[in-house]
Amino acid sequence: MTNAFANWFNGQEGCIVIGEIGVNHNGSLELAKKMIDVAVESGADAVKFQTFSAEKLATRTAEKAAYQKRNDGEVGSQIEMLKRLELSKADLQACQKYCRKVGMVFLSTPFDEEAADLLEEVGVEGYKVSSGDLTNLPLLAHMAGKGKPMIISTGMANLAETEEAVTTVRENGNPPLAILHCVSNYPAAPKEANLRAMDTLSAAFNVPVGWSDHTLGDAIALASIARGAKILEKHYTLDVNMPGPDHKASLEPTEFADLIRKLRDVEAALGDGVKRPQPSEFDTAKVARRSIVSSRDISAGTIIEDKDLICKRPGTGLAPRLIPLIVGRIAKADIPADSVIHMDDLG
């Protein structure tokens with residue numbers, strides 16, 4: 001494995017961002033390479049494709065899902081749609097080679113055992129399991145046996161089904177594993193996101209947990225990072241108006257780059273949890289905090305009383321909490337009214 005992906009599975013802090021190309025290349029190697037370039041320019045850590053044979057994935061009479069009918073822009077059956085979106089072995093090899101050239105991690109979702117074998121031959125750095133195949137335990141076992149990192153999406157699944165999938169992976173090679181919470185609708189409604197389910201998955205399986213985001217925009221994706229997602233997968237496209245099932249639920253290049261910039265800001269904002277002033281606040285504290293100040297002229301030798309003191313800005317002198325230590329002390333010298341009092345002024 002290379003760079004960010006390997007480091008992340010070895011315990012690197014922070015969130016890894018997977019740009020979900022999926023089938024948004026529309027079966028074109030040229031478009032696929034352009035999308036890899038967008039991922040690099042946007043600061044993503046990895047890109048993910050889908051590897052399948054339409055003939056093995058759907059029957060000739062299988063209908064499109066409702067969202068596919070809405071979004072595809074083309075008439076016909078599911079298998080006809082899938083045929084337009086296939087990448088050949090040569091295409092996949094070219095994509096993997098191009099990813100390596102530009103320093104991008106190459107991932108893909110295989111939809112059958114032969115596709116997993118093909119990706120192994122091509123040189124995939126890790127396998128993604130689609131939500132639809134979470135319960136396809138023979139396929140999971142086949143992938144796990146290859147020893148490459150696996151990322152499992154859990155859309156449509158309950159905890160028991162997820163446990164079966166995790167157990168299968170662990171009993172058939174136990175490769176590095178991550179789990180993505182997911183809602184399998186395109187687009188998914190924010191009210192269905194249920195981001196707290198990431199907490200449940202993390203506690204149940206003690207693996208890195210993240211969010212495969214199918215909501216529109218970036219708000220829920222950013223919320224997932226604040227909630228603790230260690231991996232974010234997000235669809236992106238060159239143009240949301242292109243024909244195809246997933247473009248309309250994807251971010252365009254400028255939006256994708258903006259999401260990653262905001263995500264890194266959110267990560268940085270989370271900090272380490274220790275409550276302490278930041279270096280940038282020290283100058284502000286001098287101006288905004290208060291010091292003990294003389295409320296009137298105080299003659300040398302005067303025993304200082306409460307009425308002699310007031311608390312005003314700047315905060316460069318003694319803190320207000322020290323008033324009990326000042327009262328009863330003797331002024332060494334004359335202290336003019338409205339002067340910041342220091343310990344050297346007192347006997």
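Which backbone oxygen does the side chain of Ser294 reach? In this predicted model, that oxygen belongs to Pro336, and the distance is 2.6 Å. Ser294 itself sits in strand 9, which covers residues 291-294. Leaving aside residues up to four places away in sequence, Ser294 touches Asp308 and Ile310, plus a run of residues made up of Ile335, Pro336, Ala337, Asp338, Ser339 and Ile341. Pro190 is another story: it lies 104 residues from Ser294 along the chain, and the two C-alpha atoms are 58 Å apart.

On to the cysteines. A search of the whole structure turns up zero disulfides. For Cys99, the closest cysteine sulfur is that of Cys95, and at 6.6 Å it is too far away for a bond, given that a disulfide needs the two sulfurs within 2.5 Å. Cys182 is in no disulfide either, its nearest cysteine sulfur being that of Cys15, 15 Å away. Both residues are tucked away from the surface: Cys99 is buried at 0% relative accessibility, and Cys182 is buried at 5%.

Then there is a helix pair. Helix 8 (residues 137-144) and helix 9 (residues 159-171) have axes that come within 8 Å and cross at roughly 35°, and the crossing is right-handed. Helix 8 brings Leu137, Leu140, Ala141 and Ala144 to the contact, where they meet Glu164, Ala165, Thr168 and Val169 of helix 9. Sorted by class, that makes six nonpolar residues, one polar and one charged.

Technical notes: Residues are numbered from 1 along each chain as its sequence is written. This is a predicted model: local features need pLDDT of at least 70, side-chain atom pairs count only at pLDDT 80 or more; totals for chains, interfaces and linings use all residues. Side-chain values use heavy atoms; hydrogens and water are left out. Buried means under 20% relative accessible area, exposed over 50%, partly exposed in between (1.4 Å probe, protein chains only). Axes are lines fitted to C-alpha atoms, for helices over the stretch in contact, and angles run from 0 to 180 degrees between N-to-C directions. Helices (H or I, at least four residues) and strands (E, at least two) are DSSP runs, numbered from the N terminus. A crossing is left-handed if the near helix is turned anticlockwise from the far one by less than a right angle, and right-handed if clockwise. Contact means heavy atoms within 4.5 Å. Ala, Val, Leu, Ile, Met, Phe, Trp, Tyr, Cys and Pro count as nonpolar, Asp, Glu, Lys and Arg as charged, and the others, Gly among them, as polar. A polar contact is a pair of N or O atoms within 3.5 Å; within protein, one must be able to donate a hydrogen and the other to accept it, and residues adjacent in sequence count only if both atoms are side-chain atoms.
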